[in-house]
Amino acid sequence: MAILTIRNLDLSFGEPPLLVNASAQVEAGEKVVLLGRNGCGKSTLLACLAGQTAPNRGELYVQPGAKRGFLPQTVPQGLTGTCHQVVSEGLAQQRDLVERYHRAAQMVAAAPSEAALRKLEAIHQELGAEDAWALHERVLRICGELGLDPEQPFETLSGGGQRRALLARALVGQPDILLLDEPTNHLDIDSIQWLEKLLQRFEGTLFLVTHDRMLTRNVAGRILEMDRGGLTSWACDYDSYCRRREEMLTAEAQRWDNFDKKMAKEEIWASGGIKARRTRNEGRVRALEAMREEWASRRKVQKKARLQVQEAERSGEVIIEVEDLGFAYPSRTIVKGFSTRIMRGDHIGLLGRNGSGKTTMLRLLLGTLTPQTGEVRHGVNLEVAYFDQLKANLNLNESVKESISQGQDLFEFDGRPTHVYAYLDRFLFERARCDVPVGVLSGGERSRLVLARLFRTPCNVLVLDEPTNDLDVETLELLEQLLIEFKGTLLVVSHDREFLNNVVTSTMVMEGDGQVGEYAGGYYDWVAQRPVVVASPKAEAGPKKERQRPPDQPRKLTFKEAAELEGLVGRIGALEDERAELLAQLADPAFYKSNPAQVVEANRRLPELDGELEGAVTRWAELEEIRESFARRKQ
């Protein structure tokens with residue numbers, strides 16, 4: 001049964017329209033990924049499905065009673081409060097109940113007085129059937145899973161932290177329909193993998209907009225494509241979609257080519273002299289009129305960006321030499337005792353969790369930040385171009401043209417004079433779009449504009465800090481090809497796993513506590529090589545040894561893992577029993593009249609217990625997958 005229905009929908013903000021008489025439906029439990037070029041209207045359609053805006057015409061039907069969770073692409077203006085308050089908004093009408101319970105529980109934990117206990121008991125009795133304590137615990141658990149401090153003010157979070165809080169808000173209500181617009185933007189790889197597993201397990205209906213090809217490949221059950229005013233359903237996996245779509249576009253191009261040839265012949269016939277016009281077939285004339293109307297209404301496939309780097313003169317052999325590098329902030333160490341040498345032509349990916357110091361590391365390598373210990377030496381003849389993930393060098397009040405022209409409509413590019421409009425056309429900015437302020441551009445358009453500014457400058461060292469955010473898949477693939485062919489040196493920070501696999505030849509990883517690991521290859525190569533900490537069986541209290549993780553392939557469980565798997569079954573059962581007992585206590589009003597310390601301990605223990613249970617179940621699933629994979633290989 002359809003839980004979402006789009007019927008005869010028109011969406012427009014000028015010309016050309018985003019959707020014209022479009023229809024589609026989504027069945028309950030489906031996982032649908034919406035794909036399309038930047039600017040085609042994906043975010044607008046998602047906002048319509050979330051009930052935040054209305055279409056120009058047509059019907060959007062959502063199954064009555066279905067709860068919706070929505071993650072917008074941009075952070076809403078003026079959103080304030082603690083993380084707990086923002087995340088609790090996802091509980092809709094239950095939000096105020098949960099907030100009151102949270103504050104009362106905090107009061108009991110901070111100062112367990114008789115008055116505080118009576119207030120908590122009164123709120124508990126008032127809420128009763130609402131099970132506020134369970135909802136409160138769910139908010140705390142999801143904050144923990146996404147690395148959020150419930151009491152931190154939302155406005156003090158980084159861009160990535162705010163996105164995680166909004167993602168938690170979308171998830172916490174356990175929606176029947178989950179609408180996510182670019183959920184991986186500003187998430188680190190660990191968070192993306194966590195999200196991917198969550199979406200794979202999600203039992204509701206998923207409607208997802210993303211440029212992350214690996215996420216699409218691992219999650220999508222169906223592709224819905226938004227293209228030239230229409231919606232096309234592809235009931236297949238992502239790789240099949242790419243192949244079948246290319247075949248469809250090739251056949252379409254051939255069909256239109258034949259159509260144009262036939263129309264040209266008919267136009268020649270229709271333009272004949274008076275004698276021809278006297279004898280011409282009126283049915284043929286009407287057919288030509290119909291062909292003219294069809295030709296006029298045709299919407300061509302949007303052209304592809306034409307990306308090109310102006311390569312500067314060749315640099316020296318050694319680009320950057322680092323010796324015993326050290327740098328720390330008061331709260332954490334970024335790097336210590338790190339030495340390396342970056343050579344001409346190296347393509348290096350920089351990985352690490354959010355907050356691990358990747359951008360700081362770039363600044364240290366480039367010399368814009370002075371190290372506290374050690375030395376960074378640069379080679380000769382370096383011409384550096386730097387892509388800023390925050391796009392901070394864009395003046396939002398300038399027009400797109402002014403942002404590129406720098407007062408000169410004609411400039412030299414790759415040895416030839418080039419007009420600013422022609423240059424911007426390479427990056428898919430039509431003439432009318434060149435005159436709008438930068439501040440009204442979409443995220444994808446701003447990324448393309450930053451790339452346009454970047455590539456105008458000749459360089460032999462290219463530094464890209466999160467270049468893939470907001471780019472559509474086609475532009476992303478063109479950027480990949482450009483970087484693969486780039487003969488200079490590349491330093492790139494990205495959380496796009498497929499992008500890293502395709503572009504980099506080696507990887508630096510911010511591993512925490514100042515340690516920086518170096519690995520050959522891209523993301524998959526790092527996964528295969530990264531060290532796994534294994535406790536020594538003879539001296540568990542002593543230092544731990546490291547061994548290299550073998551490449552991903554079916555293997556047999558070790559004796560220790562087999563014993564761990566067997567023990568996890570009992571541990572999970574014990575944790576579930578403890579949780580059930582704890583929930584029963586918290587549901588009993590008499591419990592709040594008992595020892596205040598027990599109430600405080602119960603409220604403290606419940607989220608801790610859920611974390612232990614989640615970890616045990618995750619570990620059991622990992623070991624069970626290893627066991628089953630090895631068993632399948634033997635069959």
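How many bridges join strand β10 to β11, and do the two run parallel or antiparallel? Seven bridges join β10 (residues 318-328) to β11, and the two strands run antiparallel. This is a predicted model, so please read the following tour with that in mind.

## The sheet around β10

Let us stay with β10 for a moment. It belongs to an open sheet of three strands in the order β11-β10-β13, with antiparallel pairing. From one strand to the next, the twist averages 15 degrees.

Helix α12 (residues 358-366) is mostly covered, with seven of its nine residues buried. The buried residues of α12 are K358, T360, M361, L362, L364, L365 and L366. Just after α12 comes G367, which takes a positive phi of about 85 degrees.

## The sheet around β1

Another open sheet of three strands has the order β2-β1-β4, again with antiparallel pairing. Its edge strands are β2 (19-27) and β4 (57-62), and each of them pairs on one side only. Ignoring direction, neighbouring strands here are turned by 10 degrees against each other on average. Six bridges link β1 (residues 2-11) to β2, and these strands run antiparallel. In β2, A24 is the bridge partner of I6.

Here too a helix lies on the sheet: α1 (residues 42-49) packs there, touching β1, β2 and β4. The direction of α1 makes about 125 degrees with that of β1.

Two parallel pairings involve β18. Four bridges join β12 (residues 347-352) to β18, and L350 has V493 as its bridge partner in β18. Five bridges join β17 (residues 461-465) to β18, where V492 is the bridge partner of L464.

The strand pairs described in this report can be set side by side:

| Strand pair | Bridges | Direction |
|---|---|---|
| β10 and β11 | seven bridges | antiparallel |
| β1 and β2 | six bridges | antiparallel |
| β8 and β9 | five bridges | antiparallel |
| β17 and β18 | five bridges | parallel |
| β12 and β18 | four bridges | parallel |

## A hairpin

β8 covers residues 222-227 and β9 covers residues 230-234. L224 stands opposite S233 in β9. The hairpin of β8 and β9 has two residues between the strands, and R228 takes a positive phi near 50 degrees there.

## Two helices side by side

Helix α6 (residues 159-172) and helix α7 (residues 189-201) have axes that come within 13 Å and cross at roughly 10 degrees. Because that angle is under 35 degrees, α6 counts as roughly parallel to α7. From α6, the residues R164, L167 and L171 meet S191, W194, L195 and L198 in α7. By class, this contact has five nonpolar, one polar and one charged residues.

## Nonpolar cores

Which residues touch the most other members of the largest nonpolar core? Of its 46 residues, they are L449, F455 and L462. Helix α15 (residues 443-456) supplies the largest share of this core, six residues.

Leaving aside residues up to four places away in sequence, L449 touches L394, V400, S403, I404, L424, F429, V438 and L441. Apart from this core lies another one, of 43 residues, among them L91, L180, C236 and V473.

Definitions and conventions:
Residues are numbered from 1 along each chain as its sequence is written. This is a predicted model: local features need pLDDT of at least 70, side-chain atom pairs count only at pLDDT 80 or more; totals for chains, interfaces and linings use all residues. Side-chain values use heavy atoms; hydrogens and water are left out. Axes are lines fitted to C-alpha atoms, for helices over the stretch in contact, and angles run from 0 to 180 degrees between N-to-C directions. Angles under 35 degrees count as roughly parallel, over 145 as roughly antiparallel, 65 to 115 as roughly perpendicular and the rest as oblique. Contact means heavy atoms within 4.5 Å. Ala, Val, Leu, Ile, Met, Phe, Trp, Tyr, Cys and Pro count as nonpolar, Asp, Glu, Lys and Arg as charged, and the others, Gly among them, as polar. Two strands pair if DSSP finds at least two bridges between them. A nonpolar core is a set of buried Ala, Val, Leu, Ile, Met, Phe, Trp, Tyr and Cys residues joined through side-chain atoms within 4.5 Å. Buried means under 20% relative accessible area, exposed over 50%, partly exposed in between (1.4 Å probe, protein chains only).
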